[in-house]
Amino acid sequence: MSAPKANPVNVSPAPSAASVRPTIAGPIDDELQLVTAARAGDISAFESLVNRYERKIFRLGMNITGNREDAEDVMQEAFLKAYQHLPEFEGNSRFYTWLVRIAVNQALMKLRKRRPNQVSLDEEIETGDDSFFRDVEDWGPSPAERFEQTQLHEILNSAISELDPSFRIVFQLRDIEEMSTEETADVLHLSVPAVKSRLLRARLKLRQKLNRYFRRSETA
Amino acid sequence: MKCTNMIEELSGYLDGALSPELRVELEEHLSKCKRCRIVVDTCKKTIDIYCNAEAVPLPEDTRSRLHSALREKLQHQRRA
């Protein structure tokens, strides 16, 4: 494909799944060995798995519940449940993917307890909304680099916490945890079209929310 | 293709999941529509920024609570 002519905005041509999703960094080679040792009762092997994934599970808890205390509970309960159910882990997926599924269930339970009438994952999402064309401004080549790490984390947390839970959960699983559409649908008991619809809207809404920080005019 | 159709196909485009025909049609639209090019570009950057952001280290007190709770419960479970 050739690049669009007279294109003042640098849109990467033919983006692929690989270009949007960086591969997960981190050692997974010995994950299975650690899981096997933990299943045999080696607590230190399980602690190594906890050390490896605690940050990511905490972030998942924060992004879904939007609450630090709940995120801490989610993390603790997820690791504890994972240990208890290790004998049932069949190794058909990565241990981390299995752990994420457990953590998502814990986070959903927290959300439902806190807001029993406000959290419905399967309600109809309105389509045909043209508000996504608001705030269309160029961000420049590397918008995130204009911020220090701490500030960037605050911006990202703030933007995602403003999303409806049914959007941010799908975004978390598809774009941050890199689950497939089918896996996400399975975990959330949603149809594949519902996941696709929520993901699109989550991406667009986040884009809009980040615009106020990243637009070029903000720092020019 | 209209701008609203482009929006509906945006996720598929970003994920590389569109049919070749639809991708060509969408890219033809992008070559003519600056507004849509910006939406595609900033949407892609949104995903990249979240994907590339490292999870922050746990606050020390949170980490300490997690590990002591797990140690206590796991050892209790192991003895049981």
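How many Å apart do the C-alpha centres of domain 1 of chain A and domain 2 of chain A lie? In this predicted model, the two centres are separated by 24 Å, with domain 1 covering residues 27-114 and domain 2 covering residues 131-219 of chain A, the bounds being taken from an automatic or database domain assignment. Residues are numbered from 1 along each chain as its sequence is written, and chains are lettered from A and ligands numbered from 1 in the order in which they are written. Because the model is predicted, local features need pLDDT of at least 70 and side-chain atom pairs count only at pLDDT 80 or more, whereas totals for chains, interfaces and linings use all residues.

The secondary structure of chain A consists of ten helices and zero strands, where helices (H or I, at least four residues) and strands (E, at least two) are DSSP runs numbered from the N terminus. Of the 220 residues in chain A, 37% are buried, a residue being buried if 20 or more other C-beta atoms, placed from the backbone, lie within 10 Å of its own.

Between the two domains, nine residues of domain 1 of chain A are in contact with ten residues of domain 2 of chain A, contact meaning that the C-beta atoms of two residues, placed from the backbone, lie within 7 Å. On the domain 1 side, α3 (43-65) and α5 (95-114) of chain A are the elements that give two or more residues.

Chain B meets chain A through 42 of its own residues, which are in contact with 53 residues of chain A. To the side of chain B that touches chain A, at least two residues each are supplied by α1 (3-14), α2 (20-32), α3 (34-52) and α4 (60-79) of chain B, and α3(B) gives the most, with 17 residues. The helix α3(B) has 19 residues and reaches 26 Å from its first C-alpha to its last, close to the 27 Å expected at 1.5 Å a residue, the expected span being 1.5 Å times one less than the number of residues. Since 14 of the 19 residues of α3(B) are buried, this helix is largely enclosed by the rest of the structure.

Confidence is expressed as pLDDT, the predictor's confidence in each residue, from 0 to 100; chain A averages 80, and 77% of the residues score at least 70. Over residues 1-26 of chain A, however, the pLDDT is below 50, although this stretch has 40 contacts in the model beyond near neighbours in sequence. Where pLDDT is low, the predicted coordinates should not be read in detail.

Note on methods: Buried ≥ 20, exposed ≤ 12 C-beta atoms within 10 Å, placed from the backbone.
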